[in-house]
Amino acid sequence: MSNPTQLSFVSLQVNDLEASGKFYTEILNFKPVLKSPPDAIVFEQKNGAAFAIRKPMIELSKANLLGWGVAVWFGIGNMDVFMEQNREKITIVKDIHPTPFGRILVISDPDGYAITLQETKED
């Protein structure tokens, strides 16, 4: 039997690449790779699927809720430190709460995508 299919790449289409780039680098500490394709920012990753943001390939204004039904989770290390550093810079969708996977926080990115931050205690 062959191995299951692996998730290899996830990208979010954003209205303002520069503003979203600042959010993902300055708030969530993603590091852009040295060379990204035109109209996109690809971020470094330790392991797992690659993540990027890109200019829209569809008319985003025609969507009622971007990403409705899709959950995007990122591990962030210590949740308390993250909140101390970013509380005034983020929009909270659902406050910190325990789950079977550890504490999580759901925030909104500049386009309104719900982003789940999972505490990993790794810094």
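Colleague: How many salt bridges does the structure hold?
Modeller: Three salt bridges. Bear in mind that this is a predicted model.

Colleague: What does Lys55 pair with?
Modeller: Lys55 meets Asp39 through their side chains, at 3.6 Å from N to O. Lys55 sits in the loop between β3 (50–54) and β4, and Asp39 in the loop between α1 and β2 (40–43), so the pair links distant parts of the chain, 16 residues apart.

Colleague: Is Lys55 buried, exposed or partly exposed, and what about Asp39?
Modeller: Lys55 counts as partly exposed, at 39% relative accessibility. Asp39 is also partly exposed, at 39%.

Colleague: And Arg103, which residues does its side chain bridge to?
Modeller: One partner is Asp80, with a distance of 3.0 Å from N to O. Because Arg103 is in strand β6 and Asp80 in helix α2, that bridge ties together parts 23 residues apart in sequence. Arg103 also forms a salt bridge with Glu119, where the closest N and O atoms are 3.0 Å apart. Glu119 lies in strand β7, so this second pair ties together parts 16 residues apart in sequence.

Colleague: Staying with α2, which of its residues are buried?
Modeller: Helix α2 covers residues 79–86, and Met79, Phe82, Met83 and Asn86 are buried there. They lie on the same side of α2, because they cover an arc of only 95 degrees around the axis.

Colleague: What is on the other side?
Modeller: Glu84 and Gln85, which are exposed.

Colleague: What covers the buried residues of α2?
Modeller: The cover includes helix α1 (17–27) and the strands β4 (72–77), β5 (91–99), β6 (102–108) and β7 (114–119).

Colleague: Which side chain reaches the backbone at the start of α2?
Modeller: That of Asn78: one of its side-chain oxygens comes within 2.9 Å of the backbone nitrogen of Asp80.

Colleague: Now α1. What caps its N-terminal end?
Modeller: Asp16 does, with a side-chain oxygen 3.2 Å from the backbone nitrogen of Glu18.

Colleague: Which residues of α1 are buried?
Modeller: Leu17, Ser20, Gly21, Phe23, Tyr24 and Ile27.

Colleague: What about the backbone just after α1?
Modeller: Asn29 takes a positive phi there, about 65 degrees.

Colleague: Zooming out, how many helices and strands are there, and in what order?
Modeller: The protein has two helices and seven strands. From the N terminus on, they run β-α-β-β-β-α-β-β-β.

Colleague: What is the radius of gyration?
Modeller: It is 15 Å, close to the 14 Å that the globule rule gives for 123 residues, so the protein is as compact as a globular protein of that length. Along the principal axes, the C-alpha atoms fill a box of roughly 45 × 35 × 30 Å.

Colleague: And how much of it is buried?
Modeller: Buried residues make up 36% of the 123. The accessible surface comes to about 8500 Å², and 52% of that belongs to carbon and sulfur atoms.

Colleague: What share of the contacts joins residues at least 24 apart?
Modeller: 55%, taken among contacts between residues at least 6 apart in sequence.

Terms used
Residues numbered from 1 in each chain as written. Predicted model: local features only at pLDDT ≥ 70, side-chain atom pairs only at ≥ 80, totals over all residues. Heavy atoms only, no water. Buried < 20%, exposed > 50% of the residue type's maximum accessible area, 1.4 Å probe, protein only. Helix = DSSP H or I, 4+ residues; strand = E, 2+ residues; numbered from the N terminus. Arc of directions from axis to C-beta. Contact = heavy atoms within 4.5 Å. Polar contact = N/O pair within 3.5 Å; in protein donor to acceptor, adjacent residues only side chain to side chain. Salt bridge = Lys/Arg side-chain N within 4 Å of Asp/Glu carboxyl O. Rg over C-alpha atoms; globule rule 2.2 N^0.38 Å. Areas by Shrake-Rupley, 256 points an atom, 1.4 Å probe, with all protein chains shown as cover.
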